[in-house]
Amino acid sequence: EKDLVGLFGLPSMVNHSCCPNTCCVPLAEDLLALVAATTIPANEEVLISYVDLFVGPTQRQDALRKTKGFTCECSRCQVEACFGLNVISNVGRVSDAASNIKNP
């Protein structure tokens with residue numbers, strides 16, 4: 001598989017969050033769409049994620065420091081740090097528990 005690199009004007013100017021309100025969707029080899037993941041109120045900052053959201057906070061922070069040179073302080077990272085949470089591992093545990101519930 002090839003490693004591809006591209007420079008897209010608009011997405012390159014959008015800030016990062018581990019709780020983004022948009023995502024980048026490739027439409028063609030040279031076309032990228034910024035799609036709202038939720039309703040974005042007027043004057044709210046448009047945010048994307050620069051890293052894989054399906055990894056824990058340590059992996060996300062390491063990736064951001066190594067590739068972008070900063071530490072994320074978004075609401076998700078603050079909550080995870082404050083409470084020692086790993087949202088992804090908790091989602092897995094809830095999913096596992098739910099799959100063990102027998103339907104009546």
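## Basis of the model

Buried means under 20% relative accessible area, exposed means over 50%, and partly exposed lies in between, with a 1.4 Å probe and protein chains only. This is a predicted model: local features need pLDDT of at least 70, side-chain atom pairs count only at pLDDT 80 or more, and totals for chains, interfaces and linings use all residues. Residues are numbered from 1 along each chain as its sequence is written, and side-chain values use heavy atoms, with hydrogens and water left out.

## Overall fold

The chain has three helices and four strands. These are DSSP runs, numbered from the N terminus: helices are H or I with at least four residues, strands are E with at least two. Read from the N terminus, the order is β-β-β-β-α-α-α.

The chain has 104 residues, and 20% of them are buried. It exposes about 7,900 Å², of which carbon and sulfur atoms supply 58%. Accessible areas come from the Shrake-Rupley method with a 1.4 Å probe; for residues, only the protein chains shown count as cover. A contact means heavy atoms within 4.5 Å. Take the contacts between residues at least 6 apart in sequence: 48% of them join residues at least 24 apart.

How many disulfides does the structure hold? It holds zero. Cys 72 is in none, and its nearest cysteine sulfur, that of Cys 74, is 3.5 Å away. A disulfide is a pair of cysteine sulfur atoms within 2.5 Å. The Cys 74 sulfur is therefore too far for a bond, at 3.5 Å from the closest cysteine sulfur, in Cys 72.

Cys 72 is buried, with a relative accessible area of 6%. Cys 74 is buried as well, at 11%.

## Thr 22 in strand 2

Thr 22 sits in strand 2, which covers residues 22-28. Its relative accessibility is 5%, so Thr 22 counts as buried. A polar atom of its side chain lies 2.7 Å from the backbone oxygen of Leu 47.

Leaving out residues up to four places away in sequence, Thr 22 touches Leu 34, Val 35, Ala 36, Ala 37, Ile 40, Val 46, Leu 47 and Ile 48.

## Val 35 in strand 3

Val 35 belongs to strand 3, residues 31-36. Is Val 35 buried or partly exposed? Val 35 is partly exposed, because its relative accessible area is 36%.

Beyond four places away in sequence, Val 35 touches Asn 21, Thr 22, Cys 23 and Val 25. Val 35 and Cys 24 are 11 residues apart in sequence, and their C-alpha atoms are 6.3 Å apart in space.

Technical notes:
A polar contact is a pair of N or O atoms within 3.5 Å; within protein, one must be able to donate a hydrogen and the other to accept it, and residues adjacent in sequence count only if both atoms are side-chain atoms.
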